[in-house]
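Here are a few notes for when you next have the model open.

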Amino acid sequence: MSKLTPKLSDLVITFSLFEVGSTTMFLLGADAKQDAWIAMLISAILGLFLLVLYLWIHHLDKGRDLFELLQYYMGTILGRVVGFLFTCYFMYETSRNLRDLGELTVLTLLNKTPIAVIMLIAILVVGNSVWYGAEVLLRTGTILLPIVLFGYIVLILLITSTGLLHLENMEPILENGIKPVWNAAFPEIVSFPFGQTVLFLIFFKVSKHPSTFNKALIVTYCIVAVMLTVINQLNILVLGPSIAANSTHPLLQTVQLIQFAQVLERMDAIFSLILFLGLGMKMAAFFIGTVTGLTRITSIKYKKLIIPAGIAIYVLSFLSPRYTEYIWLGLNVSVKWISPFFQILLPVLLVTVMLLRKKKRGQASQKTGGERSNRI
């Protein structure tokens, strides 16, 4: 292995930062109202099954990433077609993260700067990180984790200690039964953020593989899922289910209410900082997935594709001219139709083909071995 081969801890840290990403910008499970925490836990369990599926795919053939697996087991032509679809999906997700970063910056910091300029600077900065590849990105996560972790811990402590919580906002539990909770959990929350870990079928191969590989990722996933559930529910406890559901950025609104001894105010600056880091990490990961896919399909060198891919991502981020259209597209098209196709349907199809091909090769090997024995 190369000296640059990231350790398992690097992969785990980047995995956790990716999962958090832009998730805290939005209220997940808004349709479940005060029962959003139940919807979060249900979707986290479903997402855990998906993570186990992705780990299974990886361990069936550790030496290949997602795009290599597709071409090897589905054939060159079909594998490239499906790989191209995955590349488009990763590119689309990168553009959505870029748009999120631009909208947040305009809202919190640079309200007089054109969003096109902000997003151009962002794609240039992230593109510079993508230039150095997956190995460097995984190592970068180790540097960013303490900042992000410290920021969220401070925000949670301040929210819970300044009298903003109203526990009555969690009642009544399951007022309208389990159906609204299930509808909120699947496919919406499963698709975002839990199912997005399908991207790591590209990164699993890059890291070292000690015996604790699966356990470390699964434990990390569970911890992050609980943390996201707590943060998501804090919005409802502070703002109430109705206001939180109708707020564009509920956690930002919650943080802006913090006033501690007339000294600590305007904590939205901390929120913006940690969200920028999470968004940047997630965008870089999807960007690398996009360029890796293009490289596997076209055989063009990785670095030569970064600029064309960056231009395509930048243009695609303006797909929805208005922010309301952008949110509608995400909630009604992306998480309900596009994401399940790539996060559930195609991985299930891939693992099925892998198992059938391996079984067929095993039978062929046994047959060949038997013929040789008979000749002897």
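The points below go from the helices to the aromatic rings.

1. This is a predicted model, where local features need pLDDT of at least 70, side-chain atom pairs count only at pLDDT 80 or more, and totals for chains, interfaces and linings use all residues. Residues are numbered from 1 along each chain as its sequence is written, and side-chain values use heavy atoms, with hydrogens and water left out.

2. Take helix 6 (residues 133-161) and helix 8 (residues 213-239): they pack at an angle of about 25°, their axes 12 Å apart. That makes helix 6 roughly parallel to helix 8 (angles under 35 degrees count as such). Helices here are DSSP runs (H or I, at least four residues).

3. Where do helix 6 and helix 8 meet? Tyr-152, Ile-156, Ile-159 and Thr-160 in helix 6 meet Ile-231, Leu-234 and Val-238 in helix 8 (contact means heavy atoms within 4.5 Å). Of the residues in this contact, six are nonpolar, one is polar and none is charged.

4. On to the rings: the whole structure holds 19 aromatic pairs (ring centres within 6.5 Å; planes under 30 degrees apart are stacked, over 60 edge-to-face, the rest tilted). Phe-18 and Phe-286 have ring centres 5.3 Å apart and planes at 55°, so the pair is tilted. Phe-18 sits in helix 1 (residues 8-20) and Phe-286 in helix 11 (residues 268-298), 268 residues apart.

5. Phe-286 also pairs with Phe-90, with centres 6.0 Å apart and planes at 40°, so this pair is tilted. Phe-90 belongs to helix 4 (residues 76-108), 196 residues from Phe-286. Both Phe-90 and Phe-286 are buried (under 20% relative accessible area, 1.4 Å probe, protein chains only).

How values were computed:
Axes fitted to C-alpha atoms, helices over the stretch in contact; angles between N-to-C directions. Helix = DSSP H or I, 4+ residues; strand = E, 2+ residues; numbered from the N terminus. Parallel < 35°, antiparallel > 145°, perpendicular 65-115°, else oblique. Nonpolar A, V, L, I, M, F, W, Y, C, P; charged D, E, K, R; others polar. Buried < 20%, exposed > 50% of the residue type's maximum accessible area, 1.4 Å probe, protein only.
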